[in-house]
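User: I am new to this structure and would like to go through its pockets and domains. Please begin with the terms.

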Amino acid sequence: MKIDDIKRTVNDFKQGAINAIKAEFDGIELHAANGYLLQQFFSKNSNNRTDQYGGNPEDRARILFEILDEIKTVVDLKKVGVRLNPSLDGIMGISVDDETIETYTYIVNKLNEYDLAYIHLIEPFTDVSNNKYAIQEVTKYFRKIYNGTIIINRGFNKDTATKVLEDGDADLVSFGAPFIANPDLVERYKKDAPLNLPNKETFYTPGKEGYIDYPTLN
Ligand SMILES: Cc1cc2nc3c(=O)[nH]c(=O)nc-3n(C[C@H](O)[C@H](O)[C@H](O)COP(=O)(O)O)c2cc1C
């Protein structure tokens with residue numbers, strides 16, 4: 001991306017935020033995770049820029065803060081969250097590197113300066129236990145750094161979600177696959193009812209199948 005492309009992209013995010021609020025969305029989650037553009041800036045393996053958008057943690061994170069600075073001129077940041085996947089490694093085009101921890105520590109510290117609705121963190125998608133550069137327990141690590149609301153994601157069930165909340169390591173837990181398979185997940189958790197199992201064959205496939213055809217309890 002040339003500098004002009006970056007400026008245009010920052011403005012596109014701003015316009016996206018304006019559009020979402022105009023369309024009466026409750027809020028906006030700025031997706032800075034899972035190998036999408038913003039994470040490509042954060043990661044050394046995908047960012048080899050030598051200008052002010054690359055080369056060190058602060059510069060690699062710059063675009064995120066430029067976007068937030070623009071969004072806050074048009075939308076109350078209390079309606080904005082940021083999603084981060086600090087230990088994404090070896091998939092989605094991103095690898096953990098020797099500056100990953102420094103980069104995300106910088107990012108989350110700086111996010112304290114923004115009065116966001118929340119940050120939405122993801123525990124490692126893959127086994128990173130042998131990777132000395134990877135944060136092993138993401139929400140535990142960032143709980144010590146972030147002063148606002150933390151949503152944690154990946155691999156939780158009712159019991160593990162309850163535990164992470166009771167331990168105070170996160171404020172909220174989000175569910176992906178369990179929610180896809182159980183449109184009434186909250187109701188089922190309330191009643192301790194059995195869950196439908198997600199069918200991985202239909203993940204990431206086009207069409208309705210596997211998205212809107214799981215049964216509710218009744
Ligand atoms: C079918 C499917 C599609 C997904 N699509 C996206 C996506 O477009 N963007 C994204 O960031 N994460 C996506 N995810 C990942 C989820 O947001 C979530 O991080 C992941 O499922 C782990 O949470 P879970 O263990 O509760 O399922 C998807 C997950 C599934 C199962």
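Analyst: Helices (H or I, at least four residues) and strands (E, at least two) are DSSP runs, numbered from the N terminus. The model is predicted, so local features need pLDDT of at least 70 and side-chain atom pairs count only at pLDDT 80 or more, while totals for chains, interfaces and linings use all residues. Residues are numbered from 1 along each chain as its sequence is written, and side-chain values use heavy atoms, with hydrogens and water left out.

User: Which helices each supply at least two residues of the lining of the second largest pocket?

Analyst: A pocket is an open set of points on a 1 Å grid over the protein atoms alone, with protein on both sides within 12 Å along at least five of seven lines; a cavity is a set where a 1.4 Å probe fits but cannot get out, and lining residues have an atom within 4 Å of a point. The second largest pocket is lined by 15 residues, and Glu123, Glu137, Thr139, Phe156 and Val164 lie nearest its centre. The helices that each give at least two lining residues are H5 (138-143) and H6 (158-166).

User: How many residues in the lining of the second largest pocket are charged?

Analyst: Asp, Glu, Lys and Arg count as charged, Ala, Val, Leu, Ile, Met, Phe, Trp, Tyr, Cys and Pro as nonpolar, and the others, Gly among them, as polar. The lining has four nonpolar and four polar residues, and its charged residues number seven.

User: What is the volume of the largest pocket?

Analyst: A volume is the space filled by probe spheres set on the grid points, which are joined across faces, edges and corners. The largest pocket has 27 lining residues, with Gly176, Ala177, Pro178, Phe203 and Tyr204 nearest its centre. Its volume is about 800 Å³.

User: Which helix gives the most to the lining of the largest pocket?

Analyst: The lining draws at least three residues from each of domain 1 (3-174) and domain 2 (175-218); these bounds come from an automatic or database domain assignment. By class, the lining divides into 15 nonpolar, nine polar and three charged residues. With three residues (the helix spans 177-181), the one that gives the most is H7.

User: Which three residues supply 74% of the area that domain 1 buries against domain 2?

Analyst: The C-alpha centres of the two domains lie 26 Å apart, and the contact (heavy atoms within 4.5 Å) takes seven residues from domain 1 and five from domain 2. Buried area is the accessible area (1.4 Å probe) that two parts lose on being put together, summed over both; here it is about 470 Å², 55% of it on carbon and sulfur atoms. The three residues that supply 74% of domain 1's share are Phe156, Lys158 and Ser174.

User: Where is phenylalanine 175 placed?

Analyst: Leaving aside neighbours within four places in sequence, phenylalanine 175 is in contact with Asn153, Phe156, Asn157, Ala161, Leu185 and Tyr189. Its C-alpha atom is separated by 9.0 Å from that of isoleucine 152, 23 residues apart along the chain. Its place is in the loop between strand E5 (172-174) and H7.
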